[in-house]
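Here are my notes on the model, in the order I'd go through them. Have the viewer open while you read.

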Amino acid sequence: MPIVKNVSRAVSQLLQSSGCGCGISIVPVRCIGVSPRQVASDASFHSVSFSESDHPRVLITGGLGQLGVGLAKLLRKRFGKNNVILSDIRKPADHVFHSGPFIYSDILDYKNLREIVVNNRITWLFHYSALLSAVGEANVPLARAVNITGLHNVLDIAAEHNLRLFVPSTIGAFGPTSPRDPTPDLCIQRPRTIYGVSKVHAELMGEYYHYRYGLDFRCLRYPGIISADSQPGGGTTDYAVQIFHDAIKTGKFQCNLKPDTRLPMMYIDDCLKATLEVMEAPAEALTMRTYNISAMSFTPEELAQEVQKHIPELQVTYNVDEVRQAIADSWPMNFDDSNARRDWGWKHDYDLPELVSTMFSFLGSDSRIAQAN
Ligand SMILES: NC(=O)C1=CN([C@@H]2O[C@H](COP(=O)(O)OP(=O)(O)OC[C@H]3O[C@@H](n4cnc5c(N)ncnc54)[C@H](O)[C@@H]3O)[C@@H](O)[C@H]2O)C=CC1
Ligand SMILES: CC(=O)[C@H](N)C(=O)O
């Protein structure tokens, strides 16, 4: 009890003091009573620290989705295979399992997550677990648990163990009352999906932990991400990946959004590059902790026209999914990422033509419909 009283006193002193509390290390609420920070400072398990020149020890949560395996590949190239641990609640494919360390981790299991961080001396955490926009609307209680309760676990563990924490946000963190063309970093955010609400919550909680506890929180709002070797996990922008597979396999594509629905999009290599860059950026360069990043913006019709330059026989029809269409109609059409470009030199490499030709060279023009017939 005396410890709790002392911490409470410290908290109330901080609350009464002016300013943001940057640099003042106060334990997050959950740690009161159980935090290793209350163990004597010479406790050996907590005394290991890494110098600036050492590689970070990385954990990726939700790493078996569309983005995590590619992120692990990039980070392993940079920091060494064994310094990057992929985790998820799903069973990894053989090639993923054999490509580097993998561990089971359910982000809703706080103690297990903490154990993984401690036992593996994790210093950087990329928190990718989430339910995306369309699957989130189909299962709101699960989306609320994973995207909000799971985030709370991650934030507390990251603050408790002084981790550098990356949490992706999304164009879906904006809503119908946000300016949509373009959408700046700071504006009204009233999303109407559980996904969007949970991501605004993540942005705000991460920034709060940064100012309140000194957590090194970094966040990028990703556009819809397009990748060739991984499937999207149930979002509104999934059509922009599916069109390539269907064009190659059948020469026909049925789009679930209207032809003129404009959304910001990005090739996965640009997305992962930005993620590593913002994590490596010196803290002094970051005037904000949550940034929009942008590359291109297109409609299904414009994407189909670009794809038809490679597969002219592609037939596109439209069968609108009302849920996805309503979501898309409330999201940004163009994303203003000028702050990211100014602060840490963000620059994308792929515009629409490069994206489409890269997707086809990756997916293999050998398997084109023309040859399948
Ligand atoms: N892919 C995209 O277009 C975009 C993605 N993002 C964000 O990037 C992150 C990664 O996205 P994706 O890889 O596309 O997502 P995804 O839906 O493909 O993968 C999410 C992963 O989270 C895992 N997961 C679910 N419940 C879990 C739990 N209780 N514990 C641990 N893991 C759990 C799933 O098994 C899945 O492998 C997400 O936070 C997403 O919101 C943001 C904007 C765009
Ligand atoms: C843009 C995203 O966050 C995701 N791809 C989705 O469509 O839900």
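1. Start at the ligand site: a polar side-chain atom of Tyr-195 sits 2.7 Å from an oxygen atom of ligand 2. A polar contact here is a pair of N or O atoms within 3.5 Å; within protein, one must be able to donate a hydrogen and the other to accept it, and residues adjacent in sequence count only if both atoms are side-chain atoms. The side chain of Ser-133 also brings an N or O atom to 2.5 Å from an oxygen atom of ligand 2. Thr-236 uses its backbone instead, with an N or O atom 2.6 Å from a ligand 2 oxygen. On its own, ligand 2 has 250 Å² of accessible area, and the protein covers 93% of that. Areas are Shrake-Rupley values with a 1.4 Å probe; for residues, only the protein chains shown count as cover.

2. A word on provenance. This is a predicted model, where local features need pLDDT of at least 70, side-chain atom pairs count only at pLDDT 80 or more, and totals for chains, interfaces and linings use all residues. Residues are numbered from 1 along each chain as its sequence is written, chains are lettered from A and ligands numbered from 1 in the order in which they are written, and side-chain values use heavy atoms, with hydrogens and water left out.

3. Who else surrounds ligand 2? The shell is Leu-132, Ser-133, Thr-170, Ile-171, Tyr-195, Gly-224, Gly-235, Thr-236, Thr-237 and Trp-331, each with a heavy atom within 4 Å. By class that gives four nonpolar, six polar and no charged residues. The classes are: Ala, Val, Leu, Ile, Met, Phe, Trp, Tyr, Cys and Pro nonpolar; Asp, Glu, Lys and Arg charged; the others, Gly among them, polar.

4. Now the whole chain. It has 14 helices and 13 strands, taken as DSSP runs numbered from the N terminus (helices H or I, at least four residues; strands E, at least two). Of its 373 residues, 53% are buried (under 20% relative accessible area; exposed is over 50%, partly exposed in between, with a 1.4 Å probe and protein chains only). Carbon and sulfur atoms own 52% of the roughly 17,000 Å² accessible surface. Among contacts (heavy atoms within 4.5 Å) between residues at least 6 apart in sequence, 77% join residues at least 24 apart.

5. An unreviewed UniProt entry annotates residues 58–293 as "domain: NAD-dependent epimerase/dehydratase". That stretch is 41% helix and 18% strand, with its end C-alpha atoms 23 Å apart.

6. Some backbone geometry to look at. Most residues other than glycine have a negative phi, and most peptide bonds are trans. Asp-181 and Pro-182 are joined by a cis bond, omega about 0°, and Pro-182 is in the loop between β6 (169–170) and α7 (194–213). Arg-121 has a positive phi near 50°; this residue is in the loop between α4 (110–119) and β4 (124–127) and is partly exposed at 41% relative accessibility. Asn-162 has phi of about 55°, in the loop between α6 (140–160) and β5 (164–166), and is exposed at 60%.

7. Last, Pro-101, in the loop between α3 (94–97) and β3 (102–104). What does Pro-101 touch, leaving out residues up to four places away in sequence? Its partners are Arg-76, Lys-81, Asn-82, Val-84, Ile-85 and Leu-86. Pro-101 counts as partly exposed because its relative accessible area is 23%.

Notes:
UniProt positions are given in the numbering used here, feature names are shortened, and annotations may be inferred rather than shown by experiment.
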